[in-house]
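This report describes the fold of one protein chain and then looks at a few of its residues. Please keep the sequence and the structure at hand while reading.

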Amino acid sequence: MPSVLIIDDEAEVGEAMRRVLEREGFTVTVTGGGNEGVLAFERNPADVVITDVIMPKTHGVDVIRAIRAKHAKTRIIAMSGGGNFGPLAYEPEAITTSAYLAAAKQAGADEVLTKPFDKHDLVAAVRRLLPQ
């Protein structure tokens with residue numbers, strides 16, 4: 001089974017993604033932050049890494065760079081809601097969301113997802129990155 005590592009400081013988000021991907025047959029590990037995620041990847045490299053971009057301490061762009069530096073062929077998905085707080089402040093097309101995801105692409109992300117995203121979009125993005 002293909003393996004997926006999810007790195008997100010919001011436990012609920014990581015667990016929701018884990019449930020979706022496990023139902024699709026993936027082996028999933030969830031970690032709570034950037035440093036923890038990089039260490040988990042070093043211990044047990046996954047086929048696909050999904051990282052949030054905006055996290056305390058080590059953000060997703062640093063995670064992408066750290067993984068790319070040692071594992072150039074690892075497939076990486078970056079996700080961000082742009083740092084908007086609360087459902088009323090959320091604006092998926094805000095300049096911050098675009099800027100964060102553009103920085104993630106520049107650092108080496110293969111795919112980007114704007115939060116909130118549909119579970120079908122998540123599964124499709126992971127499948128696109130796996131060898132056929």
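How many bridges join strand S4 to S5? Four bridges join strand S4, residues 75-80, to S5, and the two strands run parallel. The model is a predicted one.

**Overall composition**

The protein chain contains five helices and five strands. Along the sequence they follow the pattern β-α-β-α-β-α-β-α-β-α. Of the 132 residues in the protein chain, 44% are buried. The accessible surface comes to about 7,100 Å², and carbon and sulfur atoms account for 55% of that area. Among contacts in the protein chain with a separation of 6 or more, 69% are between residues 24 or more positions apart.

**The sheet**

The five strands form an open sheet with parallel pairing, in the order S2-S1-S3-S4-S5. Strand S2 (27-31) and strand S5 (111-114) each have a single partner strand, so one side of each is left without a neighbour in the sheet. From one strand to the next, the twist averages 20 degrees. Strands of a sheet pair through backbone hydrogen bonds, in either a parallel or an antiparallel manner. S3 and S4 run parallel and are joined by five bridges. S4 is mostly covered, with five of its six residues buried.

**Helices on the sheet**

Helix H2, residues 34-43, packs on the sheet and touches strand S1 (3-7), S2 and strand S3 (48-52). The direction of H2 makes about 160 degrees with that of S1. Helix H3, residues 60-70, lies across S1, S3 and S4 and runs at about 155 degrees to S3.

Which residues of H3 are buried? They are Gly60, Val61, Val63, Ile64, Ile67 and Arg68. These residues cover an arc of only 155 degrees around the axis, which puts them on the same side of H3. Ala69 and Lys70, on the other side of H3, are exposed.

| Residue | Relative accessibility | Class |
|---|---|---|
| Aspartate 52 | 3% | buried |
| Glutamate 111 | 15% | buried |
| Threonine 29 | 39% | partly exposed |

Aspartate 52 is found in strand S3. Is aspartate 52 buried or exposed? Aspartate 52 counts as buried because its relative accessibility is 3%, where the cut-off for a buried residue is under 20%. The bridge partner of aspartate 52 in S4 is methionine 79. Leaving out residues up to four places away in sequence, aspartate 52 touches Ile7, Asp8, Asp9, Gly60, Met79, Ser80 and Lys115. Gly60 in this list is also one of the buried residues of H3. With lysine 115, the side chain of aspartate 52 makes a polar contact of 3.3 Å. Glycine 33 lies 19 residues from aspartate 52 in sequence, and the two are 8.7 Å apart in space, C-alpha to C-alpha.

Glutamate 111 has its place in strand S5, and S5 is one of the edge strands. What joins the side chains of glutamate 111 and arginine 128? A polar contact of 2.9 Å joins these two side chains. Apart from neighbours within four places in sequence, glutamate 111 is in contact with Ile76, Ile77, Ala78, Lys105, Ala125, Arg128 and Leu129. Glutamate 111 is buried, with a relative accessible area of 15%.

At 39% relative accessibility, threonine 29 counts as partly exposed. Which residues does threonine 29 touch, not counting those up to four places away in sequence? The contacts of threonine 29 are Val4, Leu5 and Ile6. The C-alpha atoms of threonine 29 and glycine 14 are separated by 9.1 Å, and these residues are 15 apart along the chain.

Methods. Residues numbered from 1 in each chain as written. Predicted model: local features only at pLDDT ≥ 70, side-chain atom pairs only at ≥ 80, totals over all residues. Heavy atoms only, no water. Pairing = 2+ DSSP bridges. Axes fitted to C-alpha atoms, helices over the stretch in contact; angles between N-to-C directions. Contact = heavy atoms within 4.5 Å. Buried < 20%, exposed > 50% of the residue type's maximum accessible area, 1.4 Å probe, protein only. Arc of directions from axis to C-beta. Polar contact = N/O pair within 3.5 Å; in protein donor to acceptor, adjacent residues only side chain to side chain. Areas by Shrake-Rupley, 256 points an atom, 1.4 Å probe, with all protein chains shown as cover.
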